[in-house]
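Visitor: I would like to learn how to read a protein model, one feature at a time. Where should I begin?

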Amino acid sequence: MIEYIKGDIASLTPTEAVIETTGGVGYLLNISLNTYTSIEQSSRKALRIYVHEIIREDAVTLYGFFDLQEREIFRQLIGVSGVGASIARMILSAIPPVDLQQVIVSSDVRRLKSVKGIGAKTAERIIVDLKDKIKGVDVTLLEKTPVASEIFDEAMAALVMLGFPKQQTQKVLEKIFKAEPDIKVEVAIKKALSMM
């Protein structure tokens, strides 16, 4: 399974990005408008795009995300009965991830229904299925981490893979990176382990 692809953006549209790796291979990624905007505002060089891979008998489709938070909510959305990858991408294009989590927590069916392809039943099902998963999350943690660095992302991924809860890990790492912005990844992980 592909975790992320790192490389330069070879081509970009509001729905697709081609990222070329150092080996000269270009990967076509389906993206949301949220990710498109983030890529547009970046340097487009040596980007790390997080991936969700869908393998079917007749195709392998890659979905790309600028940050882990958007990929996580995409995965939660496609876990809801009746919500496929295309609808999840449409939702994330219409409502940014932080806002979407607020919409779900506040049971705002009307806002979800405003997304093309989402009816009342689907909107209600999304809210019912995801409300408890999102309810316990501190809303301040849903915002993009102020320390948006490769080292932060590496430390976060390592600790989550070790089995630590994402929200707790993010809180601890934010404290560490605020105190020491130039910390090395190994040192950050060791400090975080002692604080968990």
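Visitor: Is R44 buried, exposed or partly exposed?

Guide: Buried means under 20% relative accessible area, exposed means over 50%, and partly exposed is in between, with a 1.4 Å probe and protein chains only. R44 has a relative accessible area of 31%, so R44 is partly exposed. Keep in mind that this is a predicted model, in which local features need pLDDT of at least 70, side-chain atom pairs count only at pLDDT 80 or more, and totals for chains, interfaces and linings use all residues. Residues are numbered from 1 along each chain as its sequence is written, and side-chain values use heavy atoms, with hydrogens and water left out.

Visitor: Where is R44 found?

Guide: R44 sits in the loop between α1 (33-40) and β4. Helices (H or I, at least four residues) and strands (E, at least two) are DSSP runs, numbered from the N terminus.

Visitor: What phi does R44 have?

Guide: Most residues other than glycine have a negative phi. R44 is not a glycine, yet its phi is positive, about 70 degrees. A46 is another such case, with a positive phi of about 50 degrees. A46 also lies in the loop between α1 and β4, and it counts as partly exposed at 47% relative accessibility.

Visitor: Which side chain does R44 meet in a salt bridge?

Guide: Side chains of opposite charge can pair when their charged atoms come close. A salt bridge is a side-chain nitrogen of Lys or Arg within 4 Å of a carboxyl oxygen of Asp or Glu. R44 meets E40 in this way, at 2.3 Å from N to O. E40 is partly exposed, at 38% relative accessibility.

Visitor: How many salt bridges does the rule give?

Guide: The count comes to four. One of them joins R71 to E3, with the closest N and O atoms 2.8 Å apart. R71 lies in helix α2 and E3 in the segment before β1 (4-12), so this pair ties together parts that are 68 residues apart in sequence. R71 counts as buried at 6% relative accessibility, whereas E3 counts as partly exposed at 36%.
Another salt bridge is between E180 and K191, at 2.2 Å from N to O. E180 is in the loop between α9 (166-179) and α10 (185-195) and K191 is in helix α10, so the pair ties together parts that are 11 residues apart in sequence.

Visitor: How many residues of α2 are buried?

Guide: Eight of the 11 residues of α2 are buried, and the helix is mostly covered. Among the buried residues are L68, R71, I73 and F74. At the start of α2, a side-chain oxygen of D67 reaches to within 3.3 Å of the backbone nitrogen of Q69.

Visitor: Which helices supply at least two residues each to the lining of the second largest pocket?

Guide: On a 1 Å grid over the protein atoms alone, a pocket is an open set of points where a 1.4 Å probe fits, with protein on both sides within 12 Å along at least five of seven lines; lining residues have an atom within 4 Å of a point. For the second largest pocket, the helices are α2 (68-78) and α8 (150-161). The lining includes E3 and R71, along with M1, M156 and K166. The lining residues divide into seven nonpolar, no polar and five charged. Here Ala, Val, Leu, Ile, Met, Phe, Trp, Tyr, Cys and Pro count as nonpolar, Asp, Glu, Lys and Arg as charged, and the others, Gly among them, as polar.

Visitor: In what sense do β1 and β4 pair?

Guide: Two strands pair if DSSP finds at least two bridges between them. β1 and β4 (residues 47-55) pair in the antiparallel sense over four bridges, and I5 has I49 in β4 as its bridge partner. β1 and β2 (residues 16-20) also run antiparallel, joined by four bridges, and a hairpin connects them through three residues.

Visitor: Which strand does β2 join through five bridges?

Guide: That strand is β3 (residues 26-30), and the two run antiparallel. V18 stands opposite L28 in β3. β2 and β3 form a hairpin with five residues between them, and G24 in the turn has a positive phi of about 85 degrees.

Note on methods: Polar contact = N/O pair within 3.5 Å; in protein donor to acceptor, adjacent residues only side chain to side chain.
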